[in-house]
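Visitor: I have a structure open and want to learn how to read it. Can you take me through some features, one at a time?

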Amino acid sequence: MNTDTTRQNVPAGTIAHGYDQSIAGAPDETLAHQRAVDAILDDCFLSIGQGIGLRATLDFDAVVWVRTNFRAKFLAAMGHFGNRWVEDRATVTAVALMLGERAVRHANGAASINLDAAMQASADVERYCQLHSARRSAARTRTSSESATAMIAGYWCTWDPKH
Amino acid sequence: MSVEHIDAILNDCLLAAGQGIGTEKSVDFAVVVWWRTRYRQFFLHAITAKGNAYEADRRRVTAVGRYLGQRALHHASGSASIDMRAAELASRDVETGCHMNAEREGLSSPALTATA
């Protein structure tokens, strides 16, 4: 479950929680997943920031809400499907970038994106993912990369931890 | 100060770094992990040991985060993505600035003044 494929020579001890072999292979997979999800969330927030750019800032309560919302979904998805971040990263961060774009749009030119705009942007993204997820079965029968994208976008952000 | 709060602060700062980077280049996941590890330690120290309040410092810290992203983008010119080399150089730039600010403001322990 080592997801660090981009740099093989990072010194021991500098890898974040959840991303070294010893932790990933630990018997307590739930803890490993929790730690992995925290680093994945950082990756997604960086992408959200890329999508926002220098057009606006994001209120801290909106940051906390987005974190809480997606952390639960990511944890549930990872518990069900395992840690697929290496395979899925490009697709999921692209969706995060879209979330940033949508948040700017919902902020209607305000200097700061508030909680309401962030929630609307998240709803947009989740709708988008649900659409892809709904096509998942059909997509499975195809061999194109589009079908893979559909599956991935669906399960990372629509998995309901309550079910 | 909960672990959850520190992680939310990290999210906030990496979002700011992403703002500084923009959409021109992607960032290697190793960089995200390295920044997370590095600044988590800094923030824990600043908040728990020195009693800094993130709410009070947020505007300044996120401005530094955006600068970190801009420096990383600068150092990655010529590369397809922002890699560890560019990230380390950017962190050095930013932390040098933080040191100078901390010394100017008379903080006793400038080494970990990520909030300066």
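**Reading the model**

Guide: Start with the elements. Chain A has 7 helices and 2 strands. Keep in mind that this is a predicted model.

Visitor: In what order do the elements of chain A run from the N terminus on?

Guide: The order is α-α-β-α-α-β-α-α-α. Next, look at contacts along the chain. Take those in chain A with a separation of 6 or more: 67% of them join residues 24 or more positions apart. As for burial, 42% of the 163 residues of chain A count as buried.

Visitor: Where does helix 4 of chain A bend?

Guide: The bend is at A:Thr91, and comes to about 30°. This helix covers residues 85-106. Just after helix 4, look at A:Asn108, which has a positive phi of about 50°.

Visitor: How do I read a pair of packed helices?

Guide: Two values describe such a pair: the angle between the axes and the distance between them.

Visitor: Which residues make the contact between helix 1 and helix 2 of chain B?

Guide: Helix 1 of chain B gives B:Ile6, B:Ile9, B:Leu10, B:Cys13 and B:Leu14. From helix 2 of chain B come B:Val32, B:Trp35, B:Arg36, B:Tyr39, B:Arg40, B:Phe43 and B:Leu44. By class, the contact has 10 nonpolar, no polar and 2 charged residues.

Visitor: Now the two chains. How many residues does the contact take from each chain?

Guide: Chain A puts in 29 residues and chain B 25. On the side of chain A, helix 2 (29-52) and helix 3 (60-81) each supply at least two residues. Helix 2 of chain A has the largest share, with 12 residues. The classes on this side of chain A are 15 nonpolar, 7 polar and 7 charged.

Visitor: What is A:Phe45 in contact with, leaving aside its neighbours within four places in sequence?

Guide: Look across to chain B: the partners are B:Asn11, B:Leu14, B:Leu15 and B:Gly18. Then check a pair within chain A. A:Phe45 and A:Leu99 are 54 residues apart in sequence, yet 9.8 Å apart in space, C-alpha to C-alpha.

How values were computed. Residues numbered from 1 in each chain as written. Chains lettered and ligands numbered in written order. Predicted model: local features only at pLDDT ≥ 70, side-chain atom pairs only at ≥ 80, totals over all residues. Contact = placed C-beta atoms within 7 Å. Helix = DSSP H or I, 4+ residues; strand = E, 2+ residues; numbered from the N terminus. Nonpolar A, V, L, I, M, F, W, Y, C, P; charged D, E, K, R; others polar. Buried ≥ 20, exposed ≤ 12 C-beta atoms within 10 Å, placed from the backbone. Bend = angle between axes of the 7 residues up to and from the residue.
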